[in-house]
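Please read this briefing alongside the sequence and the coordinates.

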Amino acid sequence: QIFNQHNAEALSLEQAFYRMAQTEPNLDHDISWFLLPSYWAKMVVALISFLCFANSYDGDFVFDDSEAIINNKDLRAETPLGDLWYHDFWGSKLSSNTSHKSYRPLTVLTFRINYLLAGGFYPVGFHVINIILHCAISVLMIDVFSILLGGLQFSNKGRRLNLAPKSSLLAALLFAVHPVHTECVAGIVGRADLLCALFFLLSFLGYCKAFRENKEGHTFSILWVLVSVILGAIAMLCKEQGITILGLNAVFDALVINKINLLELIQKLLHKDKSLENAGQLRKGLLFRITLLMSGGASILYIRWRIMGTGPPAFTEVDNPASFADSLFVRAINYNYYYSLNAWLLLCPWWLCFDWSMGCIPLIKSVSDWRIIALAALWFCLIGLICQALCSEDSHKRRILTLGLGFLIIPFLPASNLFFRVGFVIAERVIYLPSIGYCILFTYGFSLLSKQAKKKKILAVAVLGILLINVMRCTFRSSQWRSEEQLFRSALSVCPLNAKVHYNVGKNLADKGNQSAAIKYYREAVRLNPKYVHAMNNLGNILKERNELHEAEELLSLAVQIQPDFAAAWMNLGIVQNSLRRFEEAEQSYWTAIKHRKKYPDCYYNLGRLYADLNRHIDALNAWRNATVLKPEHSLAWNNMIILLDNTGNLAQAEAVGREALELIPNDHSLMFSLANVLGKSQKYKESEALFLKAIKANPNAASYHGNLAVLYHRWGNLDLAKKHYEVSLKLDPMAPGTKENYNLLRRKLEQLQKKGG
């Protein structure tokens, strides 16, 4: 009886497959490819996607990771969780004029969890999560592609059938190993795109579940439609592109569930055909479901708009030069050129760059520019595909091409500049979702070629070759994302005209102490973009440190002239003017910096140094106090207050400030040293000794620490210990000022004591 029941179930499953084969052609019939059980197919995709990006697991924080993670206060436990809902991706208030309005609180929440679990900024955990997310997304793609390429069919038990196992495996592999995904996976900031894609796909699969057949026949579940809308909202809270899944669900419903012929529908609408009133799609609830999707999408966008505020994000011309062009023709022609470059990155992802702004792609300003050919090629292909998608007599072809174009174009719309200005020229990360459409079109094209080809195995080997090349390219590109030096240098050959690339290479060299090489790259950045104020500021800083003050002043003056609210450049200009002993100008520069950035502790610190040089002690103390109020861990400001009060004889006040500072920064050896000096002068020898010894333990090679402890012992009468620490100090620094004289005095005193004792 059990055997017969099993046979009956198997027969019904075979019949379901047979019915599908009769009603619609199957891509798998024409493709010479591997046929694997579902479990093994998913294991293969997971393994290959892991191998592509595994070598990025121990990479550093690079490029935008610094601002989005290391400098983002929203990751720290002291920031209330509620603040995440009112801050942008970078930790700034959404209401701020400087906010980029990128609202991704759920992505930031995952960063915060990473940070708390790791106990600090350790990049390994962040990278591992990114790799796992890409593997999970690639595995989900098998289910998604099986629906998009094979259609949505369920067995008698309500289980979804994979009617295109070979095609869906190929498309999922193409997605898993596409090199353009490297930025999303190997760059931690790409977490936003990965999370968005995960919930994007879950929303689509949830929408498909709404059409599972039940005992009452072919109907749909309102609950699953609502679940799909909620998952779409979650996708948008990870990254803005997520909202586009609601539009794609509507397209899928119309084409796959209701099998609408778009061209026929348009013709009926134009001719006001009365047969539309009784159309089957209305009976299937299409309009009701689309109303649910549209209402959900509109509500989500309205809530986001209310949280974000009415003002658009503020971008500069260097971020997206085409959007600032006066001519509508120039804007349109360049936007279309950018689209063609994005398409080329999908077709041939060989030239990859972390940043495509700042002159990397010069503007097209006339039709005589040869790059117009790229636009023509793009639209020739798109129009051809659209015509086939609308006009083909083959319903299977119409469905696959329309879905492929839909998944290619609709998720890209938020990055297209059509609805609002975006802050980039090209960003490889925004192609993560559109690559789904590319994989559909590639797989369908491969099936058409296989159908015509006599030697199908040669085609299969060629596709295997493409997959292998992509795996190698992913591995190599992932290694470039492991460190900023490799990442920035890799861009020099791709975008040699990009000022930001030269700036980042220079900054990386400067951070490593190679100032001479850094100067070269900063100068090139300024040459390529004469208004690049950040390059001017950093170059001015290096020249200031090398005592090339006049050129530094010229650069910094030009920077603040170009951007009058550039607070850091005003402060650095003040430092240079102070070094040139033009104190009034320096003071004015400092106050201008503070005017543009009210909470600027470093500027208050430098202002205090200026006042100290002018013997305006009260003003100096006030400036340093402001610095410590704004930044309680500002060790230099605390130290300068202690030293100034000590030098002016205010020992009690100096001691009070020192104790206050050590409560806030208990492990700062320089503060221990300064307070120990004050306590020694106040004849609190025991406490002074303890602080000196603690400071020496923290920094044993500081000659001054040993020298001043020796002075304390000298005063205290512990002459042997004084002699010992004088000798250590002189060994560390034979030219230490005053130490040799004090040591000679001690030696003479010891000799006199020996003579008296003798």
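Predicted model: local features only at pLDDT ≥ 70, side-chain atom pairs only at ≥ 80, totals over all residues.

Residues are numbered from 1 along each chain as its sequence is written, and side-chain values use heavy atoms, with hydrogens and water left out. The chain has 34 helices and 0 strands, where helices (H or I, at least four residues) and strands (E, at least two) are DSSP runs numbered from the N terminus.

**Whole chain**

- The C-alpha trace of the chain spans about 120 × 70 × 50 Å along its principal axes.
- Of the chain's 758 residues, 51% count as buried, a term that means under 20% relative accessible area, with exposed meaning over 50% and partly exposed in between (1.4 Å probe, protein chains only).
- Among the contacts in the chain with a separation of 6 or more, 66% come from residues 24 or more positions apart, contact meaning heavy atoms within 4.5 Å.

**Helices α6 and α17**

- Two packed helices are described by the angle between their axes and the distance between the axes.
- Helix α6 (residues 165-176) packs on helix α17 (residues 435-452) at an angle of about 135 degrees, with the axes 9 Å apart; axes are lines fitted to C-alpha atoms, for helices over the stretch in contact, and angles run from 0 to 180 degrees between N-to-C directions.
- The two helices α6 and α17 are therefore oblique to each other, given that angles under 35 degrees count as roughly parallel, over 145 as roughly antiparallel, 65 to 115 as roughly perpendicular and the rest as oblique.
- The crossing of α6 and α17 is right-handed, a crossing being right-handed if the near helix is turned clockwise from the far one by less than a right angle, and left-handed if anticlockwise.
- On the α6 side the contact involves S167, L170, A171, L174 and F175, which meet S435, I436, C439, F442, T443 and F446 in α17.
- By class, this contact of α6 with α17 has 8 nonpolar, 3 polar and no charged residues, where Ala, Val, Leu, Ile, Met, Phe, Trp, Tyr, Cys and Pro count as nonpolar, Asp, Glu, Lys and Arg as charged, and the others, Gly among them, as polar.
- S167, placed in helix α6, is buried with a relative accessible area of 0%.
- Not counting residues up to four places away in sequence, S167 touches L27, D28, I31, L149 and T443.

**Helices α20 and α22**

- The axes of helix α20 (residues 499-511) and helix α22 (residues 533-545) come within 11 Å and cross at roughly 25 degrees, and α20 and α22 are therefore roughly parallel to each other.
- The crossing of α20 and α22 is left-handed, and the contact is made by Y503, K507 and A510 of α20 with H534, A535, N538 and I542 of α22.
- By class, the contact of α20 with α22 has 4 nonpolar, 2 polar and 1 charged residues.

**Aromatic pairs**

- A search of the whole structure finds 28 aromatic pairs, with rings of Phe, Tyr and Trp (its six-membered ring) paired if their centres lie within 6.5 Å, and with planes under 30 degrees apart counted as stacked, over 60 as edge-to-face and the rest as tilted.
- The rings of F61 and F121 have their centres 6.4 Å apart and their planes at 80 degrees, so this pair is edge-to-face.
- F61 lies in the loop between α2 (38-53) and α3 (65-70) and F121 in the loop between α4 (105-118) and α5 (123-150), so the pair ties together parts that are 60 residues apart in sequence.
- F61 counts as buried at 12% relative accessibility, whereas F121 is partly exposed, with a relative accessible area of 23%.
- F175 and Y432 form an edge-to-face pair, 5.2 Å centre to centre and with 75 degrees between the planes.
- F175 lies in helix α6 and Y432 in the loop between α16 (395-409) and α17, so this pair ties together parts that are 257 residues apart in sequence; both F175 and Y432 are buried.
- Ring pairs also link F61, F89, W90, F111, Y115, F121 and F126 into a cluster.

**Positive phi in loops**

- Most residues other than glycine have a negative phi, and most peptide bonds are trans.
- R581 has a positive phi near 65 degrees; R581 lies in the loop between α24 (567-579) and α25 (583-596) and counts as exposed at 63% relative accessibility.
- N615 has a positive phi near 60 degrees; N615 lies in the loop between α26 (601-613) and α27 (617-630) and counts as exposed at 58% relative accessibility.
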